[in-house]
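Happy to walk through this one with you.

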Amino acid sequence: MKQNCLNLKKSPYITVISMCFALILILLFVGFFTPYSRCDEDRFVNIDTDDNLDSVLAKVDTIGKRYTYSGFCMLARHSNFDENIHTGHYVIKPGTLTFSVFRMIKNGNQTPVRVTIPEVRTVDRLAEELSKKLMVKSSELTGILTDEAFCEKYDMDTCTVISLFIPNTYEFFWDMPAEKLVERMQKEYTTFWNDERKGKAEALEMTPVEVMTLASIVDSETANNGEKPRVAGMYYNRLKIGMPLQADPTIKFAMKNFDARRIYRNWLTFDSPYNTYKNAGLPPGPIRIPSVAGIDAVLNLEHHDYLYMCAKEDFSGTHNFAVTYAEHQQNAQKYWLTSKTLCLTEYH
């Protein structure tokens with residue numbers, strides 16, 4: 001009888017303890033094994049070398065629900081998470097569980113980022129744009145790309161190393177070091193310059209870098225891909241007879257005045273190896289990262305006798321071509337007269 005009474009007295013305590021235990025299990029389940037993100041689309045967290053436990057928690061806090069964030073904090077604070085924080089780009093999908101998000105970040109299982117190499121004009125600008133997409137610092141990338149000893153490892157110099165960056169879209173790990181990034185681009189460069197392209201370059205008696213240098217001028221002269229092989233052919237004709245290229249974009253590059261709308265006569269005597277009015281042949285390297293269309297336009301250039309070109313009078317962005325200087329002057333006169341008429345019409 002007494003035993004039954006003791007059992008009855010213990011029953012409420014057992015019930016309370018069981019309920020508390022069940023509640024703890026529910027909270028742990030909700031905190032650890034429910035979707036972490038409160039968002040309906042993929043969100044990402046970038047963790048760099050300056051991050052610590054608190055800054056990582058602050059970053060994931062912006063994505064998680066209150067209870068899943070609490071679960072993440074519990075996991076992080078009761079593990080050795082802060083002893084080995086992995087840098088990287090981590091994508092958190094809407095249905096990913098809190099525990100899986102924690103394990104992904106703790107183990108450094110990052111997701112590659114897709115980066116398109118921009119068709120920019122200078123190494124500084126290239127480094128600036130890539131630093132917006134990757135962890136690498138702009139100054140660090142600029143530093144190695146302007147280091148002659150570093151460039152020599154890739155059979156380049158500081159004028160030509162920009163040729164390694166073929167403007168396609170690639171997948172990189174977000175925290176890839178600057179040296180590894182250049183190493184990867186060298187591999188992509190080698191892949192791009194396959195036997196077919198190298199064969200076409202050899203037929204023109206040009207190296208891949210020379211092709212890319214000419215392509216950078218062609219790209220700067222016209223945005224019309226259909227016209228690029230003809231423009232390439234014109235400049236190639238000049239190269240073959242030793243005639244200065246006299247390419248206005250090289251003057252802009254030499255003076256670092258990329259927004260100039262016209263070239264002034266006194267600029268033509270500016271002392272620079274990139275001044276193709278003063279110096280025959282190609283400039284020391286590309287004046288921008290050339291497009292794939294521009295490179296292939298040079299490799300498949302149009303064979304003709306043109307030596308001159310002038311913007312068309314219809315302002316279409318394309319050009320009239322000429323074999324003789326007299327023909328060129330006629331084309332230039334047509335463009336000038338149309339421009340003058342247009343200016344007078346707008347003035348009145």
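What follows is a set of questions and answers on this predicted model.

Q: What makes up the secondary structure of the protein chain?
A: The protein chain has 14 helices and six strands.

Q: How do you know that the span of helix α3 fits its number of residues?
A: Helix α3 covers residues 66-77, twelve residues in all. The expected span is 1.5 Å times one less than the number of residues, so α3 should reach 16 Å. Its end C-alpha atoms are 16 Å apart, which agrees.

Q: Which residues of α3 are buried?
A: Thr 68, Gly 71, Phe 72, Cys 73, Leu 75 and Ala 76 are buried. As background, residues three or four places apart in an α-helix point the same way, because there are 3.6 residues a turn.

Q: Why is Ile 117 called buried?
A: The label needs a relative accessible area under 20%. Ile 117 has 2%, so it is buried. Ile 117 sits in the loop between β3 (113-116) and α5 (123-133).

Q: What does Ile 117 contact, leaving aside neighbours within four places in sequence?
A: Its partners are Leu 126, Leu 130, Phe 165, Ile 166, Pro 167, Asn 168, Tyr 170, Met 185 and Ile 289. One of them, Ile 166, is 49 residues away in sequence, with 6.9 Å from C-alpha to C-alpha.

Q: Why does Arg 288 count as buried?
A: Its relative accessibility is 16%. The cut-off for buried is under 20%, so Arg 288 qualifies. Arg 288 belongs to the loop between α12 and α13 (292-299).

Q: Which residues is Arg 288 in contact with, leaving aside neighbours within four places in sequence?
A: Arg 288 contacts Glu 119, Val 120, Arg 121, Ser 216, Asp 219 and Ser 220. The C-alpha atoms of Arg 288 and Pro 118 are 9.7 Å apart in space, although 170 residues separate the two in sequence.

Q: Why is Glu 205 called exposed?
A: Exposed means over 50% relative accessible area, and Glu 205 has 62%, so the label holds. Glu 205 is in the loop between α9 (195-203) and α10. Its phi is near 60 degrees, a positive value in a residue other than glycine.

Q: Why does Asp 54 count as exposed?
A: The value for Asp 54 is 51% relative accessibility. Exposed asks for over 50%, so Asp 54 counts as exposed. Asp 54 is in helix α2 (residues 53-61). Its C-alpha atom is separated by 9.6 Å from that of Cys 73, 19 residues apart along the chain.

Q: What makes Glu 41 partly exposed?
A: Its relative accessible area is 46%. That figure falls between the 20% and 50% cut-offs, so Glu 41 is partly exposed. Glu 41 lies in the loop between α1 (2-32) and β1 (43-47). Not counting residues up to four places away in sequence, Glu 41 touches Ile 92 and Pro 94. Glu 41 and Pro 94 are 53 residues apart in sequence, and 6.0 Å apart from C-alpha to C-alpha.

Q: What lines the largest pocket?
A: The largest pocket has a volume of about 1800 Å³ and is lined by 42 residues. Glu 221, Asp 248, Arg 262, Ile 263 and Tyr 277 lie nearest its centre. The largest share of the lining, six residues, comes from α14. By class, the lining has 23 nonpolar, eight polar and eleven charged residues.

Q: What is the volume of the second largest pocket?
A: The volume is about 210 Å³. The lining of the second largest pocket includes Arg 121, Cys 159, Phe 253 and Tyr 274. By class, this lining has six nonpolar, three polar and two charged residues.

Notes: Residues numbered from 1 in each chain as written. Predicted model: local features only at pLDDT ≥ 70, side-chain atom pairs only at ≥ 80, totals over all residues. Heavy atoms only, no water. Helix = DSSP H or I, 4+ residues; strand = E, 2+ residues; numbered from the N terminus. 1 Å grid on protein atoms, 1.4 Å probe; cavity = no way out; pocket = protein on both sides within 12 Å on 5 of 7 lines; lining within 4 Å. Points joined across faces, edges and corners; volume = space filled by probe spheres on them. Nonpolar A, V, L, I, M, F, W, Y, C, P; charged D, E, K, R; others polar. Buried < 20%, exposed > 50% of the residue type's maximum accessible area, 1.4 Å probe, protein only. Contact = heavy atoms within 4.5 Å.
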